[in-house]
Amino acid sequence: MIDLKAKSLEIRKSIIETFIHASRGHVPSAFSLVEILVTLYYQRFEIDSDSVGNLDRDRIILSKGHGCLALYSILADKGFFSKDELLKFCKIDGILGGHPSRLKVPGVDVSTGSLGHGLSVGIGMAHSLRLSQKERKVVVILGDGECNEGSIWEAALSASKHKLNNLIVLIDHNKYQSYGPNTEVCPLDPFSRKWESFGFETFEVDMINSPENLLPLLENTNRPRAIICHTIKGQGHKLMEGDLSWHHKNRLSPQEQELLREGLK
Amino acid sequence: MRKKGLLEIENLISENKNVVFIGSDLGPDVLSDTKKNYPDQFFMEGISEAHVLGMASGLAMDGYIVYVNTIATFFVKRALEQLALDICAENLNVRLYSNGGGLVYGPLGHTHTCVDDFSILQSLPHLTILAPADENEMKSFIKESLTHQGPIYIRLAKGGDRVVSQEQDIRIGRANLYGKEKGDILFISTGVMLQRCLEVSESLKGDCDSSVLHYATMRPFDDRSLLSYIDNFDSVIVVEEHMKNGGLGSTVSRVLFENKKTPNFYKHFHLGESYPMVYGRQEEILDYMGVTTENILSVCREIIS
(Lines give C-alpha, C1' and ligand atoms only; values in the text may rest on other atoms or scores of the structure.)
Protein backbone atom coordinates (compact mmCIF):
# COMPACT_ATOMS: atom_id res chain seq x y z
CA MET A 1 0.00 0.00 0.00
CA ILE A 2 1.21 3.48 -0.80
CA ASP A 3 2.88 5.40 2.05
CA LEU A 4 0.42 7.96 3.33
CA LYS A 5 3.02 10.34 4.73
CA ALA A 6 5.29 10.32 1.70
CA LYS A 7 2.43 10.70 -0.78
CA SER A 8 0.89 13.52 1.26
CA LEU A 9 4.20 15.42 1.18
CA GLU A 10 4.44 14.89 -2.57
CA ILE A 11 0.91 16.22 -3.08
CA ARG A 12 1.62 19.25 -0.88
CA LYS A 13 4.73 20.03 -2.95
CA SER A 14 2.65 19.88 -6.09
CA ILE A 15 0.04 22.21 -4.55
CA ILE A 16 2.74 24.72 -3.62
CA GLU A 17 4.21 24.71 -7.12
CA THR A 18 0.76 25.13 -8.68
CA PHE A 19 0.01 27.95 -6.26
CA ILE A 20 3.32 29.71 -6.93
CA HIS A 21 2.81 29.46 -10.66
CA ALA A 22 -0.74 30.80 -10.59
CA SER A 23 -0.19 33.17 -7.67
CA ARG A 24 -3.68 32.40 -6.47
CA GLY A 25 -5.69 29.73 -4.73
CA HIS A 26 -7.09 28.45 -1.44
CA VAL A 27 -4.01 26.61 -0.20
CA PRO A 28 -4.69 26.14 3.56
CA SER A 29 -8.12 24.67 2.72
CA ALA A 30 -6.42 22.27 0.32
CA PHE A 31 -3.68 21.36 2.80
CA SER A 32 -6.14 20.26 5.49
CA LEU A 33 -7.65 17.86 2.93
CA VAL A 34 -4.50 16.12 1.77
CA GLU A 35 -4.44 13.09 4.09
CA ILE A 36 -8.19 12.60 3.57
CA LEU A 37 -7.90 12.59 -0.21
CA VAL A 38 -4.72 10.50 -0.28
CA THR A 39 -6.46 7.87 1.86
CA LEU A 40 -9.46 7.84 -0.48
CA TYR A 41 -7.67 7.91 -3.82
CA TYR A 42 -4.60 5.79 -3.10
CA GLN A 43 -5.63 3.46 -0.30
CA ARG A 44 -9.37 2.84 -0.24
CA PHE A 45 -10.76 3.19 -3.74
CA GLU A 46 -9.49 2.05 -7.08
CA ILE A 47 -10.11 5.18 -9.06
CA ASP A 48 -8.19 5.66 -12.27
CA SER A 49 -8.69 7.46 -15.54
CA ASP A 50 -10.33 4.40 -17.10
CA SER A 51 -13.31 4.92 -14.80
CA VAL A 52 -14.28 8.26 -16.36
CA GLY A 53 -17.78 7.97 -17.79
CA ASN A 54 -18.35 4.53 -16.27
CA LEU A 55 -21.36 4.56 -13.94
CA ASP A 56 -20.12 1.48 -12.09
CA ARG A 57 -17.59 3.36 -10.00
CA ASP A 58 -17.18 4.81 -6.54
CA ARG A 59 -17.84 8.54 -6.37
CA ILE A 60 -15.88 11.17 -4.49
CA ILE A 61 -17.53 14.57 -4.29
CA LEU A 62 -15.50 17.50 -3.05
CA SER A 63 -18.38 19.60 -1.79
CA LYS A 64 -15.91 22.14 -0.35
CA GLY A 65 -14.80 22.87 -3.88
CA HIS A 66 -12.34 25.57 -2.86
CA GLY A 67 -10.04 22.80 -1.66
CA CYS A 68 -9.62 21.72 -5.29
CA LEU A 69 -5.85 22.30 -5.48
CA ALA A 70 -5.40 19.08 -3.51
CA LEU A 71 -7.80 17.19 -5.76
CA TYR A 72 -6.16 18.50 -8.95
CA SER A 73 -2.69 17.44 -7.83
CA ILE A 74 -3.97 13.93 -7.09
CA LEU A 75 -5.89 13.61 -10.35
CA ALA A 76 -2.83 14.79 -12.30
CA ASP A 77 -0.67 12.32 -10.39
CA LYS A 78 -3.08 9.53 -11.26
CA GLY A 79 -3.00 10.45 -14.95
CA PHE A 80 -6.49 11.86 -15.40
CA PHE A 81 -4.85 14.75 -17.25
CA SER A 82 -1.35 16.01 -17.97
CA LYS A 83 0.60 17.58 -15.11
CA ASP A 84 1.16 20.54 -17.43
CA GLU A 85 -2.48 21.44 -16.76
CA LEU A 86 -1.53 22.36 -13.20
CA LEU A 87 0.55 25.20 -14.62
CA LYS A 88 -2.60 26.59 -16.24
CA PHE A 89 -4.57 26.71 -12.97
CA CYS A 90 -7.13 29.53 -13.25
CA LYS A 91 -5.80 30.48 -16.71
CA ILE A 92 -8.04 31.18 -19.67
CA ASP A 93 -6.67 28.23 -21.68
CA GLY A 94 -6.78 25.75 -18.78
CA ILE A 95 -9.39 23.32 -17.48
CA LEU A 96 -8.59 23.73 -13.79
CA GLY A 97 -10.53 26.57 -12.19
CA GLY A 98 -10.68 27.91 -8.67
CA HIS A 99 -13.53 25.47 -8.14
CA PRO A 100 -13.79 22.07 -9.85
CA SER A 101 -16.08 21.42 -12.80
CA ARG A 102 -17.05 17.94 -13.97
CA LEU A 103 -17.72 19.41 -17.39
CA LYS A 104 -14.06 20.30 -17.77
CA VAL A 105 -11.93 18.13 -15.52
CA PRO A 106 -11.70 14.36 -16.06
CA GLY A 107 -12.09 12.66 -12.68
CA VAL A 108 -14.22 15.35 -11.07
CA ASP A 109 -17.52 13.66 -10.23
CA VAL A 110 -19.59 16.73 -9.37
CA SER A 111 -19.08 20.42 -10.11
CA THR A 112 -18.90 22.34 -6.87
CA GLY A 113 -18.02 25.79 -5.60
CA SER A 114 -21.09 27.23 -3.97
CA LEU A 115 -21.18 25.55 -0.57
CA GLY A 116 -23.97 23.28 0.59
CA HIS A 117 -24.67 21.51 -2.73
CA GLY A 118 -22.52 18.38 -2.81
CA LEU A 119 -24.29 16.29 -0.20
CA SER A 120 -27.68 16.40 -1.94
CA VAL A 121 -26.12 15.57 -5.30
CA GLY A 122 -24.26 12.71 -3.63
CA ILE A 123 -27.52 11.44 -2.19
CA GLY A 124 -28.98 11.39 -5.71
CA MET A 125 -26.01 9.31 -6.86
CA ALA A 126 -26.30 7.01 -3.85
CA HIS A 127 -29.91 6.36 -4.88
CA SER A 128 -28.80 5.74 -8.45
CA LEU A 129 -26.22 3.16 -7.31
CA ARG A 130 -28.80 1.51 -5.08
CA LEU A 131 -31.39 1.39 -7.89
CA SER A 132 -28.89 -0.21 -10.26
CA GLN A 133 -27.72 -2.57 -7.49
CA LYS A 134 -24.10 -1.53 -7.79
CA GLU A 135 -21.97 -2.18 -4.72
CA ARG A 136 -20.27 1.18 -4.88
CA LYS A 137 -19.94 4.02 -2.42
CA VAL A 138 -20.47 7.76 -2.54
CA VAL A 139 -18.09 9.81 -0.44
CA VAL A 140 -18.94 13.47 0.09
CA ILE A 141 -16.33 15.75 1.61
CA LEU A 142 -17.71 18.76 3.44
CA GLY A 143 -15.96 21.67 5.04
CA ASP A 144 -16.82 22.49 8.64
CA GLY A 145 -17.76 26.05 7.68
CA GLU A 146 -19.91 24.55 4.94
CA CYS A 147 -22.01 22.96 7.66
CA ASN A 148 -23.40 26.44 8.37
CA GLU A 149 -25.52 25.93 5.23
CA GLY A 150 -29.10 24.82 5.86
CA SER A 151 -29.11 22.63 2.75
CA ILE A 152 -26.55 20.32 4.40
CA TRP A 153 -29.04 19.51 7.13
CA GLU A 154 -31.93 19.10 4.67
CA ALA A 155 -29.75 16.53 2.94
CA ALA A 156 -28.76 14.87 6.23
CA LEU A 157 -32.44 14.34 7.10
CA SER A 158 -32.99 12.72 3.72
CA ALA A 159 -29.92 10.44 3.87
CA SER A 160 -31.06 9.20 7.22
CA LYS A 161 -34.65 8.65 6.07
CA HIS A 162 -33.44 6.48 3.20
CA LYS A 163 -30.85 4.64 5.32
CA LEU A 164 -28.24 5.24 2.63
CA ASN A 165 -25.64 2.75 3.74
CA ASN A 166 -23.55 3.48 0.65
CA LEU A 167 -23.02 7.11 1.66
CA ILE A 168 -20.03 8.34 3.65
CA VAL A 169 -19.76 11.98 4.68
CA LEU A 170 -16.27 13.19 5.58
CA ILE A 171 -15.99 16.54 7.28
CA ASP A 172 -12.70 18.37 7.01
CA HIS A 173 -12.92 19.91 10.48
CA ASN A 174 -10.02 22.36 10.28
CA LYS A 175 -11.81 24.62 12.81
CA TYR A 176 -11.60 27.76 10.70
CA GLN A 177 -13.72 29.49 8.12
CA SER A 178 -12.99 32.64 6.15
CA TYR A 179 -13.57 35.19 8.89
CA GLY A 180 -12.23 33.26 11.84
CA PRO A 181 -12.63 30.20 14.04
CA ASN A 182 -15.89 28.24 13.74
CA THR A 183 -16.36 28.82 17.44
CA GLU A 184 -16.64 32.58 16.84
CA VAL A 185 -18.40 32.70 13.47
CA CYS A 186 -20.95 29.93 13.91
CA PRO A 187 -20.27 27.33 16.61
CA LEU A 188 -20.81 23.73 15.50
CA ASP A 189 -20.43 21.86 18.77
CA PRO A 190 -21.57 19.38 19.77
CA PHE A 191 -20.69 18.60 16.14
CA SER A 192 -20.45 14.86 16.38
CA ARG A 193 -23.69 14.60 18.33
CA LYS A 194 -25.46 16.71 15.73
CA TRP A 195 -24.63 14.19 13.01
CA GLU A 196 -25.47 11.32 15.32
CA SER A 197 -28.84 12.86 16.13
CA PHE A 198 -29.55 13.22 12.40
CA GLY A 199 -29.26 9.45 12.10
CA PHE A 200 -25.65 9.07 11.02
CA GLU A 201 -23.22 6.56 12.43
CA THR A 202 -20.57 9.01 13.52
CA PHE A 203 -16.84 8.75 14.11
CA GLU A 204 -14.03 11.19 14.77
CA VAL A 205 -10.49 10.81 13.47
CA ASP A 206 -7.32 12.68 14.37
CA MET A 207 -5.95 13.34 10.89
CA ILE A 208 -3.02 15.28 12.33
CA ASN A 209 -1.41 12.57 14.44
CA SER A 210 -3.14 9.35 13.34
CA PRO A 211 -4.39 9.76 9.76
CA GLU A 212 -4.05 6.00 9.23
CA ASN A 213 -7.14 5.56 11.42
CA LEU A 214 -9.40 6.87 8.66
CA LEU A 215 -9.03 3.91 6.31
CA PRO A 216 -10.71 1.26 8.49
CA LEU A 217 -13.72 3.55 8.92
CA LEU A 218 -14.46 3.80 5.19
CA GLU A 219 -16.95 0.97 5.28
CA ASN A 220 -20.64 1.17 6.00
CA THR A 221 -23.06 -0.82 8.01
CA ASN A 222 -26.78 -0.21 7.78
CA ARG A 223 -27.01 3.57 7.77
CA PRO A 224 -25.14 6.60 6.46
CA ARG A 225 -21.85 7.34 8.10
CA ALA A 226 -20.30 10.68 9.07
CA ILE A 227 -16.63 10.94 9.92
CA ILE A 228 -15.38 14.14 11.47
CA CYS A 229 -11.76 14.49 10.43
CA HIS A 230 -9.85 16.72 12.81
CA THR A 231 -7.36 18.67 10.76
CA ILE A 232 -5.53 21.99 10.83
CA LYS A 233 -6.15 24.70 8.30
CA GLY A 234 -2.87 24.82 6.38
CA GLN A 235 -1.91 21.43 7.82
CA GLY A 236 1.65 20.38 7.03
CA HIS A 237 3.06 23.87 6.53
CA LYS A 238 4.93 25.83 9.19
CA LEU A 239 3.70 29.21 7.96
CA MET A 240 0.09 28.49 7.20
CA GLU A 241 -0.99 26.48 10.20
CA GLY A 242 -3.11 28.88 12.20
CA ASP A 243 -2.40 31.92 9.99
CA LEU A 244 -5.67 33.04 8.38
CA SER A 245 -3.97 35.52 6.05
CA TRP A 246 -3.16 32.58 3.76
CA HIS A 247 -6.85 31.56 3.29
CA HIS A 248 -6.88 32.94 -0.23
CA LYS A 249 -4.05 34.74 -1.95
CA ASN A 250 -3.88 36.32 -5.33
CA ARG A 251 -0.38 37.78 -5.19
CA LEU A 252 2.91 36.30 -4.01
CA SER A 253 6.24 38.08 -3.53
CA PRO A 254 9.46 36.19 -4.44
CA GLN A 255 10.23 36.04 -0.72
CA GLU A 256 6.84 34.47 0.03
CA GLN A 257 7.46 31.92 -2.70
CA GLU A 258 10.68 30.84 -1.01
CA LEU A 259 8.98 30.68 2.38
CA LEU A 260 6.26 28.52 0.89
CA ARG A 261 8.76 26.00 -0.51
CA GLU A 262 10.79 25.93 2.69
CA GLY A 263 7.85 25.70 5.07
CA LEU A 264 6.66 22.21 4.18
CA LYS A 265 6.95 19.89 7.14
CA MET B 1 -54.15 19.85 -16.40
CA ARG B 2 -52.26 18.85 -13.26
CA LYS B 3 -53.94 15.47 -13.06
CA LYS B 4 -53.50 14.79 -16.77
CA GLY B 5 -49.80 15.62 -16.53
CA LEU B 6 -49.33 13.37 -13.50
CA LEU B 7 -51.15 10.60 -15.32
CA GLU B 8 -48.74 10.93 -18.21
CA ILE B 9 -45.78 10.90 -15.81
CA GLU B 10 -47.19 7.71 -14.27
CA ASN B 11 -47.32 6.17 -17.74
CA LEU B 12 -43.70 7.11 -18.39
CA ILE B 13 -42.62 5.58 -15.08
CA SER B 14 -44.48 2.35 -15.80
CA GLU B 15 -42.85 2.04 -19.21
CA ASN B 16 -39.31 3.23 -18.39
CA LYS B 17 -37.15 2.07 -15.53
CA ASN B 18 -34.94 5.13 -15.85
CA VAL B 19 -37.77 7.60 -15.13
CA VAL B 20 -38.12 8.62 -11.49
CA PHE B 21 -40.38 11.01 -9.61
CA ILE B 22 -39.48 13.17 -6.62
CA GLY B 23 -42.08 15.14 -4.71
CA SER B 24 -41.50 17.60 -1.91
CA ASP B 25 -44.20 16.86 0.68
CA LEU B 26 -47.13 16.94 -1.75
CA GLY B 27 -50.74 16.02 -1.13
CA PRO B 28 -51.29 12.41 -0.02
CA ASP B 29 -52.93 11.28 -3.26
CA VAL B 30 -50.11 12.20 -5.64
CA LEU B 31 -49.06 9.22 -7.77
CA SER B 32 -50.39 6.73 -5.24
CA ASP B 33 -50.44 3.97 -7.88
CA THR B 34 -46.83 4.63 -8.76
CA LYS B 35 -45.85 4.56 -5.12
CA LYS B 36 -47.55 1.19 -4.81
CA ASN B 37 -46.49 -0.40 -8.09
CA TYR B 38 -43.09 1.20 -8.74
CA PRO B 39 -41.78 2.13 -5.28
CA ASP B 40 -38.16 2.31 -6.46
CA GLN B 41 -39.03 5.09 -8.88
CA PHE B 42 -41.03 7.17 -6.40
CA PHE B 43 -39.50 9.48 -3.79
CA MET B 44 -41.43 11.74 -1.45
CA GLU B 45 -38.98 14.02 0.29
CA GLY B 46 -39.56 16.59 2.98
CA ILE B 47 -40.09 20.32 2.62
CA SER B 48 -36.59 20.81 1.33
CA GLU B 49 -36.63 22.19 -2.19
CA ALA B 50 -32.90 22.91 -2.35
CA HIS B 51 -32.08 19.36 -1.32
CA VAL B 52 -34.65 17.88 -3.68
CA LEU B 53 -33.14 19.62 -6.70
CA GLY B 54 -29.62 18.57 -5.68
CA MET B 55 -30.79 14.99 -5.33
CA ALA B 56 -32.49 15.21 -8.74
CA SER B 57 -29.20 16.41 -10.18
CA GLY B 58 -27.30 13.41 -8.79
CA LEU B 59 -29.83 10.98 -10.26
CA ALA B 60 -29.87 12.78 -13.61
CA MET B 61 -26.06 12.74 -13.82
CA ASP B 62 -26.32 8.96 -13.69
CA GLY B 63 -28.75 8.91 -16.59
CA TYR B 64 -32.13 9.04 -14.89
CA ILE B 65 -34.90 11.27 -16.23
CA VAL B 66 -36.18 12.97 -13.12
CA TYR B 67 -39.64 14.53 -12.72
CA VAL B 68 -39.71 16.79 -9.69
CA ASN B 69 -42.96 18.17 -8.38
CA THR B 70 -43.55 21.01 -6.00
CA ILE B 71 -44.93 24.54 -5.92
CA ALA B 72 -43.55 26.71 -8.73
CA THR B 73 -42.38 29.63 -6.66
CA PHE B 74 -40.30 27.35 -4.41
CA PHE B 75 -38.44 25.94 -7.41
CA VAL B 76 -37.91 29.38 -8.84
CA LYS B 77 -36.78 31.27 -5.76
CA ARG B 78 -36.13 28.97 -2.82
CA ALA B 79 -34.02 26.54 -4.82
CA LEU B 80 -32.77 28.88 -7.54
CA GLU B 81 -29.09 28.21 -6.95
CA GLN B 82 -29.49 24.42 -7.05
CA LEU B 83 -31.57 24.82 -10.20
CA ALA B 84 -29.00 27.11 -11.82
CA LEU B 85 -25.80 25.29 -10.85
CA ASP B 86 -26.68 21.65 -10.26
CA ILE B 87 -29.22 21.25 -13.05
CA CYS B 88 -29.15 23.99 -15.71
CA ALA B 89 -25.40 24.62 -15.91
CA GLU B 90 -24.94 20.85 -16.14
CA ASN B 91 -27.72 20.55 -18.78
CA LEU B 92 -29.37 17.60 -17.07
CA ASN B 93 -32.67 15.86 -17.81
CA VAL B 94 -34.66 17.13 -14.86
CA ARG B 95 -38.30 18.19 -15.37
CA LEU B 96 -39.76 20.68 -12.92
CA TYR B 97 -43.46 19.97 -12.70
CA SER B 98 -44.38 23.26 -11.10
CA ASN B 99 -47.72 23.65 -9.37
CA GLY B 100 -49.44 26.98 -9.18
CA GLY B 101 -47.80 29.07 -11.87
CA GLY B 102 -49.02 32.65 -12.13
CA LEU B 103 -51.88 33.54 -9.78
CA VAL B 104 -53.29 30.07 -9.15
CA TYR B 105 -52.54 30.35 -5.42
CA GLY B 106 -53.98 33.85 -5.29
CA PRO B 107 -55.94 33.24 -2.09
CA LEU B 108 -52.66 32.35 -0.34
CA GLY B 109 -50.94 35.59 -1.24
CA HIS B 110 -47.65 36.61 -2.78
CA THR B 111 -45.59 34.00 -0.92
CA HIS B 112 -47.27 31.31 -3.01
CA THR B 113 -48.11 32.92 -6.34
CA CYS B 114 -45.46 32.87 -9.06
CA VAL B 115 -45.64 35.81 -11.42
CA ASP B 116 -41.90 36.29 -11.94
CA ASP B 117 -40.88 32.81 -13.10
CA PHE B 118 -40.29 33.60 -16.77
CA SER B 119 -38.20 36.59 -15.87
CA ILE B 120 -35.99 34.72 -13.41
CA LEU B 121 -35.70 31.49 -15.38
CA GLN B 122 -35.04 32.92 -18.83
CA SER B 123 -31.46 33.66 -17.82
CA LEU B 124 -30.68 30.09 -16.77
CA PRO B 125 -28.59 28.13 -19.28
CA HIS B 126 -30.20 25.31 -21.30
CA LEU B 127 -33.57 25.57 -19.54
CA THR B 128 -36.69 25.02 -21.64
CA ILE B 129 -39.69 26.92 -20.24
CA LEU B 130 -43.20 25.65 -20.90
CA ALA B 131 -46.53 27.23 -19.98
CA PRO B 132 -49.31 25.07 -21.39
CA ALA B 133 -52.85 26.44 -21.65
CA ASP B 134 -54.72 23.21 -20.98
CA GLU B 135 -54.48 19.46 -20.58
CA ASN B 136 -54.02 18.83 -24.29
CA GLU B 137 -50.84 20.83 -24.35
CA MET B 138 -49.73 19.32 -21.06
CA LYS B 139 -50.24 15.78 -22.31
CA SER B 140 -48.22 16.42 -25.46
CA PHE B 141 -45.42 18.12 -23.58
CA ILE B 142 -45.05 15.38 -20.97
CA LYS B 143 -44.89 12.78 -23.73
CA GLU B 144 -42.23 14.78 -25.56
CA SER B 145 -40.32 15.44 -22.34
CA LEU B 146 -39.21 11.80 -22.18
CA THR B 147 -36.79 12.25 -25.06
CA HIS B 148 -36.11 15.98 -24.81
CA GLN B 149 -32.47 16.74 -23.94
CA GLY B 150 -31.87 19.19 -21.10
CA PRO B 151 -33.85 20.61 -18.20
CA ILE B 152 -37.50 21.67 -18.50
CA TYR B 153 -39.64 23.96 -16.35
CA ILE B 154 -43.36 23.34 -16.71
CA ARG B 155 -45.67 26.03 -15.35
CA LEU B 156 -48.98 24.50 -14.31
CA ALA B 157 -52.30 26.27 -14.31
CA LYS B 158 -54.92 25.52 -11.71
CA GLY B 159 -56.57 22.51 -13.30
CA GLY B 160 -59.96 22.25 -14.94
CA ASP B 161 -58.88 24.92 -17.39
CA ARG B 162 -61.08 25.04 -20.46
CA VAL B 163 -59.57 22.93 -23.24
CA VAL B 164 -59.01 25.13 -26.25
CA SER B 165 -55.79 23.92 -27.83
CA GLN B 166 -55.61 21.84 -30.98
CA GLU B 167 -53.99 18.60 -30.00
CA GLN B 168 -52.35 17.63 -33.27
CA ASP B 169 -49.84 20.48 -33.60
CA ILE B 170 -48.39 20.80 -30.13
CA ARG B 171 -44.61 20.60 -29.94
CA ILE B 172 -41.97 22.00 -27.61
CA GLY B 173 -40.46 25.12 -29.15
CA ARG B 174 -43.29 25.90 -31.55
CA ALA B 175 -45.93 28.62 -31.31
CA ASN B 176 -49.45 27.86 -32.56
CA LEU B 177 -51.68 30.23 -34.51
CA TYR B 178 -55.39 30.27 -33.73
CA GLY B 179 -57.28 32.00 -36.52
CA LYS B 180 -56.35 33.31 -39.93
CA GLU B 181 -52.82 34.23 -41.01
CA LYS B 182 -53.94 37.77 -41.86
CA GLY B 183 -56.09 40.28 -40.04
CA ASP B 184 -56.33 43.48 -38.03
CA ILE B 185 -55.23 42.39 -34.58
CA LEU B 186 -52.75 39.70 -33.51
CA PHE B 187 -53.03 38.64 -29.89
CA ILE B 188 -50.00 36.96 -28.42
CA SER B 189 -50.55 34.70 -25.41
CA THR B 190 -48.84 32.22 -23.14
CA GLY B 191 -50.27 29.81 -20.55
CA VAL B 192 -53.97 30.14 -19.79
CA MET B 193 -54.10 33.60 -21.34
CA LEU B 194 -54.83 31.67 -24.53
CA GLN B 195 -58.37 31.15 -23.22
CA ARG B 196 -58.76 34.86 -22.47
CA CYS B 197 -57.40 35.92 -25.87
CA LEU B 198 -59.64 33.48 -27.72
CA GLU B 199 -62.65 34.86 -25.84
CA VAL B 200 -61.77 38.39 -26.89
CA SER B 201 -61.10 37.32 -30.45
CA GLU B 202 -64.49 35.58 -30.58
CA SER B 203 -66.22 38.70 -29.23
CA LEU B 204 -64.64 40.82 -31.95
CA LYS B 205 -65.99 38.69 -34.78
CA GLY B 206 -67.92 40.85 -37.19
CA ASP B 207 -66.10 44.01 -36.08
CA CYS B 208 -62.58 43.03 -37.11
CA ASP B 209 -60.37 40.07 -37.98
CA SER B 210 -58.17 38.88 -35.15
CA SER B 211 -56.01 35.84 -34.43
CA VAL B 212 -54.08 34.51 -31.48
CA LEU B 213 -50.45 33.43 -31.67
CA HIS B 214 -49.95 31.22 -28.64
CA TYR B 215 -46.60 30.51 -27.02
CA ALA B 216 -46.91 27.45 -24.81
CA THR B 217 -43.13 27.36 -25.07
CA MET B 218 -41.65 30.54 -23.67
CA ARG B 219 -38.10 29.35 -24.24
CA PRO B 220 -36.60 28.60 -26.70
CA PHE B 221 -38.76 31.33 -28.18
CA ASP B 222 -40.17 30.65 -31.62
CA ASP B 223 -39.06 33.92 -33.26
CA ARG B 224 -39.84 32.57 -36.70
CA SER B 225 -43.58 32.18 -36.16
CA LEU B 226 -43.90 35.72 -34.88
CA LEU B 227 -41.91 37.08 -37.82
CA SER B 228 -43.88 35.09 -40.36
CA TYR B 229 -47.19 36.66 -39.26
CA ILE B 230 -46.24 40.08 -37.96
CA ASP B 231 -46.45 41.90 -41.31
CA ASN B 232 -49.97 40.56 -41.86
CA PHE B 233 -51.49 42.37 -38.87
CA ASP B 234 -51.83 46.07 -38.03
CA SER B 235 -51.89 45.74 -34.28
CA VAL B 236 -50.25 43.53 -31.69
CA ILE B 237 -51.62 42.88 -28.19
CA VAL B 238 -49.58 40.76 -25.80
CA VAL B 239 -51.42 39.24 -22.82
CA GLU B 240 -49.61 37.42 -20.02
CA GLU B 241 -50.10 36.35 -16.43
CA HIS B 242 -46.68 37.63 -15.45
CA MET B 243 -44.98 40.80 -14.33
CA LYS B 244 -44.11 43.50 -16.82
CA ASN B 245 -40.42 42.72 -17.22
CA GLY B 246 -38.75 39.58 -18.46
CA GLY B 247 -41.77 37.67 -19.73
CA LEU B 248 -43.65 37.36 -23.00
CA GLY B 249 -43.94 41.11 -23.61
CA SER B 250 -40.22 41.65 -23.17
CA THR B 251 -39.43 38.78 -25.51
CA VAL B 252 -41.87 39.92 -28.18
CA SER B 253 -40.41 43.43 -28.00
CA ARG B 254 -36.92 42.02 -28.41
CA VAL B 255 -37.90 40.02 -31.51
CA LEU B 256 -39.72 42.94 -33.07
CA PHE B 257 -36.92 45.42 -32.41
CA GLU B 258 -34.16 43.10 -33.61
CA ASN B 259 -36.05 42.61 -36.86
CA LYS B 260 -37.10 46.24 -37.38
CA LYS B 261 -40.80 45.46 -37.07
CA THR B 262 -43.05 48.18 -35.72
CA PRO B 263 -46.77 47.41 -35.56
CA ASN B 264 -49.13 50.35 -35.97
CA PHE B 265 -50.38 49.65 -32.47
CA TYR B 266 -48.78 47.70 -29.62
CA LYS B 267 -50.17 47.02 -26.17
CA HIS B 268 -48.90 44.77 -23.40
CA PHE B 269 -51.27 43.47 -20.69
CA HIS B 270 -49.29 42.31 -17.66
CA LEU B 271 -49.25 42.24 -13.84
CA GLY B 272 -47.16 45.32 -13.22
CA GLU B 273 -43.82 45.69 -11.52
CA SER B 274 -44.62 44.57 -7.99
CA TYR B 275 -46.19 41.40 -6.61
CA PRO B 276 -49.98 41.76 -6.51
CA MET B 277 -50.49 42.35 -2.77
CA VAL B 278 -54.10 41.22 -2.70
CA TYR B 279 -55.88 37.96 -1.98
CA GLY B 280 -58.41 36.32 -4.23
CA ARG B 281 -59.03 33.81 -6.96
CA GLN B 282 -56.78 33.78 -10.02
CA GLU B 283 -59.43 35.45 -12.20
CA GLU B 284 -60.20 38.05 -9.54
CA ILE B 285 -56.59 39.13 -9.22
CA LEU B 286 -56.13 39.21 -12.99
CA ASP B 287 -59.16 41.49 -13.15
CA TYR B 288 -57.88 43.57 -10.21
CA MET B 289 -54.60 44.06 -12.07
CA GLY B 290 -56.46 45.18 -15.19
CA VAL B 291 -55.88 42.09 -17.33
CA THR B 292 -59.62 41.78 -18.02
CA THR B 293 -61.48 40.70 -21.09
CA GLU B 294 -63.32 44.04 -20.95
CA ASN B 295 -60.11 46.06 -20.87
CA ILE B 296 -58.63 44.14 -23.77
CA LEU B 297 -61.88 44.51 -25.71
CA SER B 298 -61.99 48.19 -25.00
CA VAL B 299 -58.46 48.66 -26.38
CA CYS B 300 -59.47 46.68 -29.46
CA ARG B 301 -62.52 48.89 -30.00
CA GLU B 302 -60.31 51.97 -29.85
CA ILE B 303 -58.10 50.46 -32.51
CA ILE B 304 -61.08 49.65 -34.73
CA SER B 305 -62.54 53.12 -34.42
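Select R254(B) to begin: in this predicted model the residue is partly exposed, with a relative accessible area of 33%.

Next, select K158(B) and E283(B), another salt bridge of chain B, with the closest N and O atoms 2.8 Å apart. Here the pair links distant parts of the chain, since K158(B) lies in the loop between β6 (152-155) and β7 (176-178) while E283(B) lies in helix α11 (residues 282-288), 125 residues apart. K158(B) counts as partly exposed at 44% relative accessibility, and E283(B) is likewise partly exposed, at 26%.

D58(A) is in the loop between α3 (34-44) and β1 (59-62), and R136(A) is in the loop between α5 (118-131) and β2 (138-143), so the pair ties together parts that are 78 residues apart in sequence. D58(A) is buried, with a relative accessible area of 10%, whereas R136(A) is partly exposed at 26%. Still in chain A, selecting K7(A), E10(A), D77(A) and K83(A) shows a network of salt bridges; the whole structure holds 30 salt bridges over all chains.

For the interface, display both chains: 24 residues of chain B are in contact with 25 residues of chain A. The area buried between them is about 1900 Å², with carbon and sulfur atoms giving 54% of that area. Highlight H51(B), M61(B) and D62(B), which supply 31% of the area that chain B buries against chain A, more than any other three residues. Three salt bridges are counted between the two chains, and E45(B) forms a salt bridge with K161(A), the closest N and O atoms being 3.8 Å apart. On the side of chain B that touches chain A, the elements giving two or more residues are β2 (42-45), α3 (49-61) and α5 (80-88) of chain B, and α3(B) gives the most, with nine residues.

Finish with the cysteines, where the count is zero disulfides over all chains. C114(B) has its nearest cysteine sulfur, that of C88(B), 14 Å away, and C114(B) is buried at 0% relative accessibility. For C197(B), the nearest is that of C300(B), 9.1 Å away, and C197(B) is buried at 1%.

Conventions: Residues numbered from 1 in each chain as written. Chains lettered and ligands numbered in written order. Predicted model: local features only at pLDDT ≥ 70, side-chain atom pairs only at ≥ 80, totals over all residues. Heavy atoms only, no water. Disulfide = S-S within 2.5 Å. Buried < 20%, exposed > 50% of the residue type's maximum accessible area, 1.4 Å probe, protein only. Contact = heavy atoms within 4.5 Å. Buried area = accessible area lost by both parts, 1.4 Å probe. Salt bridge = Lys/Arg side-chain N within 4 Å of Asp/Glu carboxyl O. Helix = DSSP H or I, 4+ residues; strand = E, 2+ residues; numbered from the N terminus.
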